[in-house]
Amino acid sequence: MTTLQIDPLRAAVRGPIVTPADAAYDSVRQVYNAMIDKRPALIVRCVDVADVMAAIEFARANGLLTAIRGGGHNGGGLGTCDGGLVIDLSLMRHVRVDPEARVADVSGGCVWSDVDHATHPFGLAVPCGFISSTGVGGLTLGGGIGYLTREYGLTIDNLVSADVVLADGRFVTADERRHPDLFWALRGGGGNFGVVTSFRFRLQPVKMVYAGPTFWPMEQAREVLAAYRGYIVGAPEHVNGFFAFLTIPPAPMFPEALHLKKVCGVMWVCTSPAAEAAAATKPMRSVGTPLLDQQGDMPLPLVNGLFDGLYPPGLQWYWRADFVKELSDEAVARHARHGAELPSMHSTMHLYAIDGAAHRVGAGDTAFSYRDANWAEVIVGVDPDPKNAPKITKWCKDYFDALHPYSAGGAYVNFMMDEGQERVQASFRDNYERLSRIKTKYDPTNFFRVNQNIRPGG
Ligand SMILES: Cc1cc2nc3c(=O)[nH]c(=O)nc-3n(C[C@H](O)[C@H](O)[C@H](O)COP(=O)(O)OP(=O)(O)OC[C@H]3O[C@@H](n4cnc5c(N)ncnc54)[C@H](O)[C@@H]3O)c2cc1C
């Protein structure tokens, strides 16, 4: 692409445009997962809605493949593309809190630490994920699973409205009243329908939480996971705890004797006062013989940032996922077998509880179809060294293959890599056809196709 061709775009936008000729190109094009190495023709670092509109117009006029980048965390690298145009929203990171109305307006390029930072002083929070460096854009549009899901629902269950630039360049606000079909599709359908330049979220009254892990020796994994499946689904909704296979990192907060030990565990986050939370989690914490059982009062933003240091950008990640309704004894046994074979310190398997408030929304009420699943399972092979990519990938695929027959069929779209159309359809189930009709209405040429793609055509 010559300078001449880009000049009209340069004149139309206020944000920087980065091309392969720029010194900053290699750092700006990088996404969180270092397994992804894509080379866009240009990256438009938008600073406002007008920039987004100009970028879309330019991409359409030049027939460019177009990717939308929010936080850049997507496992499959769906925030970038080869040879096309990236609409990079990462300079649009403003949050406005209205404590009286209990809503926050969050710009499309924010990450969750931006939202935590802005809402926490008011004693309020948006139900977000488990890591604060993840983008609000991608996480929200796929659904949004996190520490507050059992009590306050998915992130989309707290979405009030969204400002969107559509494929034809129009700007609309979607909510229950205005463009309700688009609003339905945005809640789970991913980045298929336009560029969301601002999200309005309902805020929940959460400031401090009672949080921390319980770890057990790997040899007790079958007993612990069997107890967990029965415990968490019936637990009070102020209790959240995800199950994990992990390696205890060599961090000062853990006793040295446990460093680098492979364990199974539950990471607790409860919104209730300490005594109530401790009593409610006691039945699970009393299972077997824990190696470590350590919880305390913490600000929610601190908890959201606990894993940020362990998982900086630039690691190799290979992802597989499924929704799970029931954990049979055979599934528990298979988990224990594969969990014990974690191939690196960063690799892990998590089972996130998605019952409670998330179940009170109907399967057809938003695009997120699996409202009857009790867990979102995610298996990630992770390591800093590219040489270990084959090893972590193989472990992840073998683990997934062993457990997939015991799953509900589809997966959370935000935990998938590029796994093909069939898998996308399986993840939206009966909602896929309606999504496809809405896609036809708002993006008939499939302009936004760097995503878990919903094809137009009904
Ligand atoms: C370390 C880590 C932790 C995670 N933890 C959680 C978790 O706790 N809960 C959870 O639910 N998920 C979690 N995820 C998954 C996460 O939700 C997805 O990776 C998601 O795609 C990330 O969004 P992003 O904006 O950072 O990604 P990007 O790579 O920037 O974008 C991903 C996709 O979203 C679209 N998109 C992003 N922003 C916009 C926008 N403003 N408008 C339109 N489309 C947009 C893009 O087109 C692209 O298709 C985690 C991922 C990682 C890597």
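Contact here means heavy atoms within 4.5 Å. The model is a predicted one. By that criterion, and with neighbours within four places in sequence left aside, Phe243 is in contact with Val224, Leu225, Tyr228, Cys264, Gly265, Val266, Met349, His350 and Leu351.

Phe243 also belongs to the largest nonpolar core, which has 129 residues. Leu182, Leu186, Tyr228, Phe243 and Phe245 are the residues with the most contacts inside this core. Strand β12 provides its largest share, 7 residues. In soluble globular proteins, nonpolar side chains tend to be buried together.

The cysteines come next. A search of the whole structure finds 0 disulfides. For Cys46, the nearest cysteine sulfur is that of Cys81, 13 Å away, whereas a disulfide requires a pair of cysteine sulfur atoms within 2.5 Å. Cys46 is buried, with a relative accessible area of 0%. Cys264, one of the contacts of Phe243, is likewise in no disulfide, and the nearest cysteine sulfur, that of Cys270, lies 18 Å away. Cys264 is buried, its relative accessible area being 0%.

Met253 is found in the loop between β11 (239-247) and β12 (262-270). Met253 counts as partly exposed because its relative accessibility is 48%.

Notes
Residues are numbered from 1 along each chain as its sequence is written. This is a predicted model: local features need pLDDT of at least 70, side-chain atom pairs count only at pLDDT 80 or more; totals for chains, interfaces and linings use all residues. Side-chain values use heavy atoms; hydrogens and water are left out. Helices (H or I, at least four residues) and strands (E, at least two) are DSSP runs, numbered from the N terminus. Buried means under 20% relative accessible area, exposed over 50%, partly exposed in between (1.4 Å probe, protein chains only). A nonpolar core is a set of buried Ala, Val, Leu, Ile, Met, Phe, Trp, Tyr and Cys residues joined through side-chain atoms within 4.5 Å.
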